[in-house]
Amino acid sequence: MDEGLQDRLEKFGLSLYMIRITLAASLSWLAVHSIYGDGYLYFAPLAAILITQSSVKASLEKGFYRLLGIVLGGIVSLVVGQFFDVGALSILLMLLIGIGVATACRINIQAVSQVGVTSVLALTFYHDQYIVWRVAETLIGVLIALIINMIIVPPKGFVKVKSLALKGSLTLSDALTGLAAGGREAAQALAALKSSGELLKKSDRLQKEMHYTVSHYQCRKELGTLSQATSHLLKVHVYVKGIAEEISLLPAHYAASDWMLEVVTATADCIALYGNRTLSDADCGGRSLPESLRRARDVQLAWFSELQGQCPLAAFRDLGAVFSHLNRILEEIERADYAALSTAPQQAKAQPARAIQFIQKGLFHKL
């Protein structure tokens, strides 16, 4: 669906969710009517309405639990219906057995509630064909709803998840730089760190959901590269969180010193450069990621060596934890960039010396 068209439709209350539900319910009724004619035609559209969610994965889970609950509830009602007429006692026994067994088996609560609903309805409309119709028509409704969810998706979904990952990487870079500023800026850096984690996790979740849609086939190679980059950035986010915790334990004259700002800024620049290179088409001004990584590592090593003879042992131990996390960030970015080269054979062949350099120099280098 075109993005402009969707915006115009939403002005009149025709949201994507509403379009999915109405189409799924209508097509489900039409399919069941074509197969069975008259009968319990409301089960298929009802299932389509109830299981349609914002994502294919969520709809699939809800549809599975609904079918599971219907089957279990139908079995219990058939057993109880053989011996009891409809009444308070039969309903009591049926619910005790059905819901009790489902709960004991640790079945999802959605399926447990469906067991009760199906048991009561099946006992009320008890006859041989009811359960078969109910399961078959519900299955038709679930399948049609899933197909609709796979086809009708938000426009430019890949562009949106990619922009979320890019924004998360740049926010993460800003957060790392702000950690060494101290005072109010340090508090803002912690908020930016939390925001970057949320952006990256949201992008990662939406990327996984895209694999269930038809539209992802158009960009499956780019989606694979994006998923790989986001995974590396999430690991970098963990290291930055570690740096934030370690810096908070340092004395103020170390945490907000000029050399600390220089070290974290050089590392943060590598995060931003990797994000821009991998997740956007923006011009990086001719800056080379290997050169930036080398410079950041040189700055780290230079200050780490100088501080060895200047700091008390306790402070140097805490500083070592900060430098260790900083170095892990550089190694993770190196791995991420090397992995990107590996997934693009033509680019890797054009620059073999660069790939060899990643392996020989920075990848296994430790402070």
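These are my notebook entries on a predicted model of one protein chain.

**Ground rules**

I count residues from 1 along the chain as its sequence is written. Because the model is predicted, I take local features only at pLDDT of at least 70 and side-chain atom pairs only at pLDDT 80 or more, while totals for chains, interfaces and linings use all residues, and side-chain values rest on heavy atoms, without hydrogens or water.

**Whole chain**

Helices (H or I, at least four residues) and strands (E, at least two) are DSSP runs, numbered from the N terminus.

I then looked up burial: 44% of the 367 residues are buried. Buried means under 20% relative accessible area, exposed means over 50%, and partly exposed is in between (1.4 Å probe, protein chains only).

For contacts (heavy atoms within 4.5 Å), I took those between residues at least 6 apart in sequence, and 76% of them join residues at least 24 apart.

The chain exposes about 18800 Å², with carbon and sulfur atoms supplying 62% of that area. The areas come from the Shrake-Rupley method with a 1.4 Å probe; for residues, only the protein chains shown count as cover.

**Helix α5**

Helix α5 covers residues 88-104, which is 17 residues. From first C-alpha to last it reaches 23 Å, close to the expected 24 Å; the expected span is 1.5 Å times one less than the number of residues.

Which residues of α5 are buried? I noted S90, M94, G98 and A102. They lie on the same side of α5, because they cover an arc of only 65° around the axis (the arc of the directions from the helix axis to the C-beta atoms). On the face turned away from the buried side I found A88, L96 and A104 exposed. After α5 comes R106, with a positive phi near 60°.

**Aromatic rings**

I found three aromatic pairs. Rings of Phe, Tyr and Trp (its six-membered ring) pair if their centres lie within 6.5 Å; planes under 30 degrees apart count as stacked, over 60 as edge-to-face and the rest as tilted.

The pair W259 and F323 is stacked, because the ring centres are 6.4 Å apart and the planes stand at 15°. W259 is in helix α12 (residues 258-279) and F323 in helix α14 (residues 313-342), so the pair ties together parts 64 residues apart in sequence. Both W259 and F323 are buried. With W303 they form one aromatic cluster.

**Two single residues**

D204 sits in helix α9 (residues 183-210). Is D204 buried or exposed? D204 is buried, at a relative accessible area of 18%. Not counting residues up to four places away in sequence, D204 touches T230 and L234.

A244 belongs to helix α10 (residues 220-249) and is buried, at 11%. Beyond four places in sequence, A244 is in contact with L179, L190 and L193. The C-alpha atoms of A244 and G178 are 9.9 Å apart, although 66 residues separate the two along the chain.

**Cores**

A nonpolar core is a set of buried Ala, Val, Leu, Ile, Met, Phe, Trp, Tyr and Cys residues joined through side-chain atoms within 4.5 Å.

The largest has 52 residues, and L176, V240, M260 and I333 touch the most other members. Helix α12 gives the largest share of this core, eleven residues. Among the contacts of L176 beyond four places in sequence are V240, V264 and L326. I also noted a second, separate core of 16 residues, including V32, I144, L146 and I152.
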